Amino acid sequence: MNDPQRMNCTYWSAAEMRLPVLKHKEVYTMAEFFLKNDELAVKISSRGAEIRSVLDNETGREYMWQADPAFWGWTSPVLFPILGNVAYDKFRYAGKTYEMKQHGFARRSEFEEASVEGADIGFALCDSADTLAVYPFKFRLEVGYALSGR
């Protein structure tokens, strides 16, 4: 646990991460984070490290899709470890079959706030027993956001 690559990571159970299959209407544990300057206010969810809102401070105009689940329940999902699908939602590696749903699991996972170089706010998602059950590689995924001007 003293590995600096794995610092600032919380290890979630499968029930908390909802791996490997999630539905848009499930209740998620999440926190909201905000970045603001003179021109814009940005709201970011810890679930998926997803930008949920970009609001013009002067006009009140919202620039992000508001995730209407009747059409598409995301605003700006972080897609990891894959973009798209694997055939039949399964892949083989080193003689073992793994199940991987469309676009992977990051967008459905709870990220922890973390220090990311060059970012005003950052998030991290680390490998765990639950992620290794669906993706057999160790990782630390960092997502950072910086707000400058418009």
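Predicted model: local features only at pLDDT ≥ 70, side-chain atom pairs only at ≥ 80, totals over all residues.
Strands here are DSSP runs of E at least two residues long, numbered from the N terminus.

Pro-81 sits in the loop that runs between β3 (50-56) and β4 (90-93). That loop between β3 and β4 also holds Tyr-88, a residue that is not a glycine but still takes a positive phi, about 60°. Tyr-88 has a relative accessibility of 79%, so it counts as exposed, the cut-off being over 50%.

Ala-49 also has a positive phi without being a glycine, this time about 50°. Its place is the loop between β2 (40-45) and β3. Ala-49 is buried, because its relative accessible area is 0% and buried means under 20%.

As for the sheet, 3 strands make it up, and it is open, with antiparallel pairing and the order β1-β2-β3. β1 (32-36) and β3 are the edge strands, each of them pairing on one side only. On average, and with direction ignored, neighbouring strands of this sheet are turned by 20° against each other. Within the sheet, β2 and β3 run antiparallel and are paired over 6 bridges. To pick out a bridge, Lys-43 has Ser-53 in β3 as its partner.

Methods. Residues numbered from 1 in each chain as written. Heavy atoms only, no water. Helix = DSSP H or I, 4+ residues; strand = E, 2+ residues; numbered from the N terminus. Buried < 20%, exposed > 50% of the residue type's maximum accessible area, 1.4 Å probe, protein only. Pairing = 2+ DSSP bridges. Axes fitted to C-alpha atoms, helices over the stretch in contact; angles between N-to-C directions.
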